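Thanks for making the time this morning.

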Amino acid sequence: MSFTVVIPARYASSRLPGKPLAMIAGKPMIQHVCERAQESRASRVVVATDDQRIEASCQAFGAEVVMTSPHHASGTDRLEEVARKLGLDPDHRVVNVQGDEPLIPPALINQVADNLDYFPEASIATLCERIHDARQVFNPNVVKVVFDSRGMAHYFSRAPIPWARDFWPANASVADVDLPEGIGYFRHIGIYGYRASVLSQFVSWPPAPTEQVEALEQLRALYNGAHIHVDIADRPPAPGVDTEEDLARVRALIEAGGSYA
């Protein structure tokens, strides 16, 4: 079955404005992201933006662009608008690749798309990686996920989950704990595959209480009974670009011929 990659690209980043157009090895960053997506098995790669500068840049290197509303509350809302404008069938698979990941391995794009085929009860598929450092478990900027034996997500949280009750003191912090052996801790990787039907449902659901308190929009899907399949990434995810320091690091990797593919 075919699938479509949609790449949301916003100009108004708070930490690095205009980053989709930041030049890396002679190309705007968004072009690198499109090229990685085109190396996947996707039948179509579409950039979703609300900015005419990004639209013009993408058109210059031949990318397909869908202009979207600047008023979306979440990335999933933007994705639903694209799926609706493209007239995608309810069962069509849509993979959301962030526009600030110029080194994303195409294999990870294929992995989330494939998992929607392997697990027909899942409306959404995503990835994670094992955590080996307690500092990540206790870092609220690192989103943790707990899932069952088939990989279906129970919960995503910024808190340390699962809590090792008999191993950590009640007031445990990163300064005085190790990770207990035999217990898996997993960091969520922010790539998603969706069935187009769940995108249309998502925009009709009000924000969930858990979503609002954790600031994690995937909790809205769980709250409303949608199944999210979580798989361990086949290979390490590549670094994304959030800051000037990230951009310098990724530039150096790409200019040196580095690849995470």
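Predicted model: local features only at pLDDT ≥ 70, side-chain atom pairs only at ≥ 80, totals over all residues.

Helix H9 is followed by Gly257, whose phi is positive, near 85 degrees; helices here are DSSP runs of H or I of at least four residues, strands are runs of E of at least two, and both are numbered from the N terminus. Residues are numbered from 1 along each chain as its sequence is written, and side-chain values use heavy atoms, with hydrogens and water left out.

H9 itself covers residues 244-255, and its 12 residues should span 16 Å at 1.5 Å a residue, which agrees with end C-alpha atoms that are 16 Å apart; the expected span is 1.5 Å times one less than the number of residues. Which residues of H9 are buried? They are Asp246, Leu247, Val250 and Ile254, where buried means under 20% relative accessible area, exposed means over 50%, and partly exposed lies in between, with a 1.4 Å probe and protein chains only. These four cover an arc of only 95 degrees around the axis, which puts them on the same side of H9, the arc being that of the directions from the helix axis to the C-beta atoms.

Turning to the aromatic rings, a search of the whole structure finds 7 pairs; rings of Phe, Tyr and Trp (its six-membered ring) pair if their centres lie within 6.5 Å, and planes under 30 degrees apart count as stacked, over 60 as edge-to-face and the rest as tilted. One of them joins Phe138 and Trp163, edge-to-face at 6.2 Å centre to centre with 70 degrees between the planes. This pair links distant parts of the chain, 25 residues apart, with Phe138 in the loop between H5 (134-137) and S8 (144-147) and Trp163 in the loop between S9 (153-157) and S10 (186-195). Trp163 also pairs with Trp168, and because their centres are 5.1 Å apart and their planes at 80 degrees, that pair is edge-to-face too. Phe138 is buried at 18% relative accessible area, as is Trp168 at 4%, while Trp163 is partly exposed at 38%.

Finally, Glu81 is found in helix H3 (residues 75-86) and counts as buried at 7% relative accessibility.
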